[in-house]
Amino acid sequence: MALETYVIMGKKEKARELLENIAKQLADNRYMNTQAISYSLVSINKYVESLGGTGFSIELLDKGNKEVIESKQSIVMRDLQVAYNPTTIQVTNTGNVDVFLNTALTGKLPVGKDKVIQSKLSMVVAYTDKNGNPIDVSNLSQGTEVTAIATITNTTGVTIRDVAFSQIVPSGWEMVNTRFTEYGDEENNQVEYKDIRDDRVHYYFDLQPKKSISLKTVINASYLGDYYLPGSQAEAMYDGDYVVRSQGKWITVKQ
């Protein structure tokens, strides 16, 4: 509302300062409800319209290659090939309207280079045999049945809604669908939904303040060989401030 008011009053400097502040909040990982997001986008649209809607013009210099980009649209996207070495990209505004730049990176970390994260959630993953005894999964005999027990704790004083936990297994292991086995009666009634796939299982639940939930996943070491066991992850689906991810490791299935 304040941004719209500045636009109507013609206070361009104050409008731009507020616009940048709103943009930073939208780009942040903090939770925003749909109403706040909607009003923010409406206000930004009013600001963009006040610029005249004449499009923009820039020069992009990447690795010595210059590209002139002219568009009557509000947004233009370009895919840039980046390497491990530091890269400098130069952008020159050759038009008469303000231009805002935003970069987004996507990719996959190399195997074994998992990024360990812990924010407002904690997690402990333990492995046991069928009798509940601790077991080292680094070196299992073929056919061994293992139960992965992940205990996720809400370390804050507020309820976390819509938490998603993912237990991913190596390609040499197989999930055991406990709905049809003797483990079936051990299902945790705190889980709102459980999605079992070929190589992973997803759990969805809410977590009360300072409370924990233990999730059991039954696995069978099925195929001989060396495999990578990815780290487990739990996160609030609609609030990036709540997340925890563990380190993966190499495992072996032997005869």
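R161 counts as exposed, because its relative accessibility is 51%, and here buried means under 20% relative accessible area, exposed over 50%, and partly exposed in between, with a 1.4 Å probe and protein chains only. Before I go on, a word on the model: it is predicted, so local features need pLDDT of at least 70 and side-chain atom pairs count only at pLDDT 80 or more, while totals for chains, interfaces and linings use all residues. Residues are numbered from 1 along each chain as its sequence is written, and side-chain values use heavy atoms, with hydrogens and water left out.

Back to the arginine. Which residue does R161 form a salt bridge with? The partner is D206, with the closest N and O atoms 3.4 Å apart. A salt bridge here is a side-chain nitrogen of Lys or Arg within 4 Å of a carboxyl oxygen of Asp or Glu. R161 lies in strand β8 and D206 in strand β11, so this pair ties together parts that are 45 residues apart in sequence. Helices (H or I, at least four residues) and strands (E, at least two) are DSSP runs, numbered from the N terminus.

The structure holds seven salt bridges, and I'll show you two others. D195 pairs with R197, their closest N and O atoms being 2.8 Å apart. D195 is buried because its relative accessibility is 14%, whereas R197, at 46%, is partly exposed. Then there is D199 with R200, where the closest N and O atoms are 3.1 Å apart. D199 is partly exposed at 31% relative accessibility, and R200 is partly exposed too, with 28%.

Now, please look at the rings. There are four aromatic pairs in the structure. Rings of Phe, Tyr and Trp (its six-membered ring) pair if their centres lie within 6.5 Å; planes under 30 degrees apart count as stacked, over 60 as edge-to-face and the rest as tilted. One of the pairs is F165 with Y203: the ring centres are 6.0 Å apart and the planes sit at 35°, so the pair is tilted. F165 is in strand β8 (residues 160–168) and Y203 in strand β11 (residues 200–207), so 38 residues separate them and the pair links distant parts of the chain.

Staying with rings, K120 lies over the face of Y242, 5.1 Å from the ring centre. The rule for a charge over a ring is NZ of Lys or CZ of Arg within 6 Å of the ring centre and within 35 degrees of the ring normal.

On to a loop. S171 lies between β8 and β9 (173–175), and this serine is exposed, with a relative accessible area of 59%. Leaving aside neighbours within four places in sequence, S171 is in contact with Y223 and Y227, where contact means heavy atoms within 4.5 Å. S171 and L229 are 58 residues apart in sequence, yet 8.5 Å apart in space, C-alpha to C-alpha.

My last stop is T128, found in strand β5 (residues 121–128). T128 is buried at 11% relative accessibility. Not counting residues up to four places away in sequence, T128 touches N133, P134, I135, E145, V146, T147 and I149. Thanks, everyone!
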